[in-house]
Amino acid sequence: PYPLYAELRKTPVARQEDGSYVISTYREITDILHDPHLSSDIRNLSHPTAGAEEQTTPAFINLDPPEHDRLRRMAMRHFGPPHTPGLVTGMEPALSSIVGGLIDDFAGKEQIDLVDDFAYPFPVTVICHLLGVPREDEPRFHLWVNDIIDSIDYNPKTDPKEKLDNGIQARKDLRQYIGGLVEQRHGRPGDDLLSRLANDDGPDGRMTDEEIVATANLLLIAGHETTVNLITNGMLTLLRHPQVLQRLREQPDLVVPLTEELLRYEPPVHIIPWRAAYSDITVADTVIPKGSQIMLMLASGSRDPNRFHDPDRFDPDRRDNQHLGFGSGIHLCFGGPLARRETQIALTELVRRVDRPRLVADPPQYRRSPVLRGPIHLHIEQNG
Ligand code: HEM
């Protein structure tokens, strides 16, 4: 039940010793995320890893209007529902076939690791399809993504420096690789996101190659580990609530509200760590001075008893479930429709096809990050 969050919510807007602010209640988090004086521009922030990437063009998650809105709109034109019938709509058969193939490989194994054998390979394969990465290059893509994700948790006190260096190198290699793909796609419009972006002359004009590379990178980084964790947290939660698991087997439509409840109850993103106040922001009678850094405790907001009845109960029948799992405001998760379908298909098929699943250890070992929450491995016995 996250007692730390309950403690934090006693002071909804809390000033830290270093002058930054921690916001932990639902109403205050949503108010701030909708405040036009809040900035996401990494160039305004002094986060230790901000420079590590040598990023020339920030992706739109790290930009403010009007640049943010223009780039997001351009990407959204092609990406898909609910805004346009874009690429994601056409991906349903591919999602089912990737999930089916991964579960086929469980055959004959007494024990599977849901992370390595399923949740990890799934979203990265989906993003490769979406971007139009040739199949033979997918393994390289997987390795780069592994190195990048590993380095996100880098702790200079406990980790070998190699971990950080590998991450930086992988980011460079990935950018270079995507840049090469974008160059090839000019003048060759195909039905993948890179081709569409490279040849699009929509109302906002065309993205530069650098902007396309930054956007592709963003989709990969923002859309991979998060989806891995939602699927893994989802299966873990179902195994801890066998009656819900059984209902899902009998009533596959339950997966839609169930996925929303997972995004509230065990969300992959617990914190939006780096926002800054452009000018003074007043919230809950407190003035957050211009220039302050602001940390938004999304997972705490989604468990706020002033917003959700009996918030520590996992209840897939919950109504009015406006959780903060995808954030809120202008940066509301861009990949929400895709992440939802990926998770819905994954959970439905896992529950349908894995025979008598049983957790080997509960709780499993979690990754160390306070921002992203999910198990490092999730060992499950089948045919028990
Ligand atoms: C933004 C969560 C999957 C792409 C966000 C934000 C959250 C989030 C909390 C807000 C960040 C902020 O306000 O700074 C999640 C979760 C996911 C998921 C929990 C999976 C369960 C995806 C996928 C994609 C994606 C699959 C793309 C393929 C993005 C992008 C943004 C974003 C591009 C930035 C939007 C903007 O700045 O306008 N996501 N995400 N996400 N997400 Fe997701």
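Predicted model: local features only at pLDDT ≥ 70, side-chain atom pairs only at ≥ 80, totals over all residues.

Trainee: Fine. Where is P66, then?

Mentor: P66 lies in the loop between strand 3 (38-39) and helix 3 (67-79). The peptide bond from P65 to P66 is cis, with omega near 0°.

Trainee: And what is the bond between D362 and P363, cis or trans?

Mentor: Cis, with omega about 5°. P363 belongs to the loop between strand 9 (358-359) and strand 10 (379-381).

Trainee: Why point these out?

Mentor: Because most peptide bonds are trans, and most residues other than glycine have a negative phi.

Trainee: On phi, what is the value for D285?

Mentor: Near 60°, which is positive, and D285 is not a glycine. It sits in the loop between strand 6 (281-283) and strand 7 (286-288).

Trainee: Is D285 buried or exposed?

Mentor: Exposed, because 6 other C-beta atoms lie within 10 Å of its own, and the cut-off for exposed is 12 or fewer.

Trainee: And what about D320?

Mentor: D320 has a positive phi of about 55°. Its loop runs between helix 14 (298-301) and helix 15. D320 is exposed, with 7 other C-beta atoms within 10 Å.

Trainee: Changing topic. How many residues surround the ligand?

Mentor: 25 residues, and the closest are G223, G327, H331, C333 and G335. Helix 10 (209-223), helix 11 (225-240) and helix 15 (336-353) are the elements that each give two or more residues to that shell.

Trainee: Which one gives the most?

Mentor: Helix 10, with four residues.

Trainee: What's the shell like by class?

Mentor: It has 16 nonpolar residues, eight polar and one charged.

Trainee: Last topic, helix packing. At what angle do helix 4 and helix 6 pack?

Mentor: Helix 4 (residues 92-104) and helix 6 (residues 121-131) pack at about 145°, and their axes are 10 Å apart. The crossing of helix 4 past helix 6 is right-handed.

Trainee: Which residues meet there?

Mentor: From helix 4, A94, L95, I98, V99 and L102; from helix 6, P121, F122, T125, V126 and H129. That contact has eight nonpolar residues, two polar and no charged ones.

Definitions and conventions:
Residues numbered from 1 in each chain as written. Axes fitted to C-alpha atoms, helices over the stretch in contact; angles between N-to-C directions. Left-handed = near helix turned anticlockwise from the far one by under 90°. Contact = placed C-beta atoms within 7 Å. Nonpolar A, V, L, I, M, F, W, Y, C, P; charged D, E, K, R; others polar. Near = placed C-beta within 6 Å. Buried ≥ 20, exposed ≤ 12 C-beta atoms within 10 Å, placed from the backbone.
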